[in-house]
Amino acid sequence: MTPKKKPYYITTPIYYVNAKPHIGTAYTTIAADTLARFMRLDGRDVKFLTGTDEHGQKVEQSALAKGITPQEYVDDISQEFHKLSDLFGFTNDAFIRTTQEHHKKSAQALWMKLVEKGQIYKSTYKGWYSVRDEAFYNEDEIVDGKAPTGTEVTWVEEPSYFFRLSEWQDKLLDLYENNPDFIAPKSRLNEVKSFVKGGLKDLCVSRSSFKWGIPVPNDPDHVMYVWVDALPNYISNLGFPDENATDFKRFWPEAIHILGKDIIRFHGVYWPALLMAAGLPLPKRLFAHGWWTLEGEKISKSTGNTIDPFEVVETYGADQIRYFLLREATFGRDADFSTSALVSRINSDLANDIGNLVQRVLSFAFKHAQGQIPLPNAFTENDKALLKLAADMPEKVREHANEQALHKMCEEIWAVVGEANRYVDKEEPWALRKTGIERMNTVLYVLAETIRHVAIVAQAIIPNAAGKILDQLAVSKDRRDIHALETPLISGVDIPKPEGVFPRIIAEEK
Ligand code: MSP
């Protein structure tokens with residue numbers, strides 16, 4: 001009996017539609033897509049969710065400025081995020097929009113659960129609000145008249161609903177204590193802990209000074225505060241409030257939320273508190289990645305300091321950008337986007353290391369081994385060492401994937417590529433053509449088998465190129481998952497004429 005596939009639920013934040021996607025927002029989805037792809041290759045039952053966060057004062061104001069309705073405005077920009085999915089080949093199973101009816105009903109149902117449990121009450125909010133951050137700030141957080149993030153704040157006094165967040169301080173601290181892996185990396189866990197230890201005030205969860213939001217049940221003068229509307233997307237996508245819905249039962253709480261470090265407080269404090277208060281189980285893990293900077297400044301649509309993903313993909317290619325973002329940053333830390341670093345990664349890791357390896361081996365086999373990956377003869381210690389390195393690699397990558405260490409996933413695969421290149425130089429198959437065809441055949445087989453391992457796992461990172469490499473190795477489409485690596489490469493079959501997968505497209509900058 002085949003074991004039932006283990007569920008794996010991965011999410012990105014839902015993106016604000018106040019501007020078009022930029023490379024920083026693409027990054028979160030590239031990371032989640034890579035993990036989703038790897039887990040599928042590894043035989044997991046994956047659900048991967050992304051989407052757009054479409055309510056709030058910021059959207060209402062932007063639509064007004066353009067002279068269109070908020071709905072027209074969000075329909076337009078949400079499309080840009082769909083185009084981004086096509087651009088990078090994202091494999092999300094669903095795309096949620098907070099303006100969808102099923103989401104609105106779900107968020108309202110969560111609200112009602114909180115009301116029933118006495119967790120929401122009406123009072124008056126007096127304090128600072130940043131429209132750009134869609135966040136409330138305490139008096140002691142204001143620096144020189146601005147939010148700690150540097151955005152403008154306005155003084156707000158309005159009747160509001162409040163969530164009894166203050167009641168959850170101890171439960172949250174217990175959660176972090178008993179589940180030290182709940183928030184990663186550690187630095188973020190510590191940040192969240194000290195925020196909660198500093199004391200929690202009840203959270204204002206409704207606004208009445210604008211209309212563009214999900215109406216508060218039984219009080220149409222109020223709309224839900226944008227985070228209380230947005231966070232439940234992770235469960236509304238699974239069919240909540242129907243707790244017997246197939247997806248909800250299967251994938252909640254098997255959730256891993258990938259997000260940027262700027263929104264860790266919302267995910268690490270408000271979200272678990274809301275869920276606990278509603279009597280719902282908590283997600284398994286939150287991973288907060290760092291920021292991409294452009295010459296030291298945060299890339300952000302609100303400051304206009306952006307890199308257009310459509311432009312860089314047009315110039316360098318989608319796989320190239322995916323690889324660069326995943327490999328260049330230690331996942332969880334900040335990193336700087338620079339053209340010279342990008343070009344050097346493309347030329348060294350992609351064109352030189354993997355591109356050349358594949359090209360050298362396959363062209364040689366095509367020309368000098370009758371257009372086939374030949375059958376091997378006896379393996380030497382050197383052959384066995386390379387084959388073992390390749391065979392052990394998927395397990396190492398799996399361990400890193402389980403910890404969302406995306407840069408290490410890349411490193412592990414490329415360590416095999418590096419070793420394979422050293423093997424080619426040492427074994428010199430071109431010289432063997434004259435001195436020993438049998439040995440040449442074995443060397444070619446060992447290399448092709450190594451390349452198959454690399455390409456199968458690398459499908460998670462560079463899906464287009466890895467797919468092409470597998471085509472060139474004549475690996476059938478139904479034998480491209482990690483399980484297929486348990487049986488050896490089928491050699492002695494014709495391979496197509498090889499073509500370069502990673503051309504050295506750009507001259508390296510001096
Ligand atoms: N709508 C909220 C999320 C609600 S989730 C229930 C939001 N949206 S956002 O569009 O502003 O940001 C979405 C994600 O993009 C965040 O994870 C954020 O950290 C990430 N990034 C935005 N700029 C970024 C960089 N410059 N670098 C890396 N990630 C960046 O917040």
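A polar contact is a pair of N or O atoms within 3.5 Å; within protein, one atom must be able to donate a hydrogen and the other to accept it, and residues adjacent in sequence count only if both atoms are side-chain atoms. The model is predicted: local features need pLDDT of at least 70, side-chain atom pairs count only at pLDDT 80 or more, and totals for chains, interfaces and linings use all residues. Residues are numbered from 1 along each chain as its sequence is written, and side-chain values use heavy atoms, without hydrogens or water.

The ligand is surrounded by 26 residues, each with a heavy atom within 4 Å of it. The closest are Ile 14, Asp 53, Gly 260, Asp 262 and Ile 299. A polar backbone atom of Tyr 16 lies 3.1 Å from a ligand oxygen. For Gly 260, a polar backbone atom is 2.7 Å from an oxygen atom of the ligand. A nitrogen atom of the ligand is 2.7 Å from a side-chain N or O atom of Asp 53. On its own, the ligand has 660 Å² of accessible area (Shrake-Rupley method, 1.4 Å probe). The protein covers 96% of this area.

Strand 1 gives the largest share of the shell, four residues. Helices (H or I, at least four residues) and strands (E, at least two) are DSSP runs numbered from the N terminus. The shell divides into 13 nonpolar, nine polar and four charged residues. Here Ala, Val, Leu, Ile, Met, Phe, Trp, Tyr, Cys and Pro count as nonpolar, Asp, Glu, Lys and Arg as charged, and the others, Gly among them, as polar.
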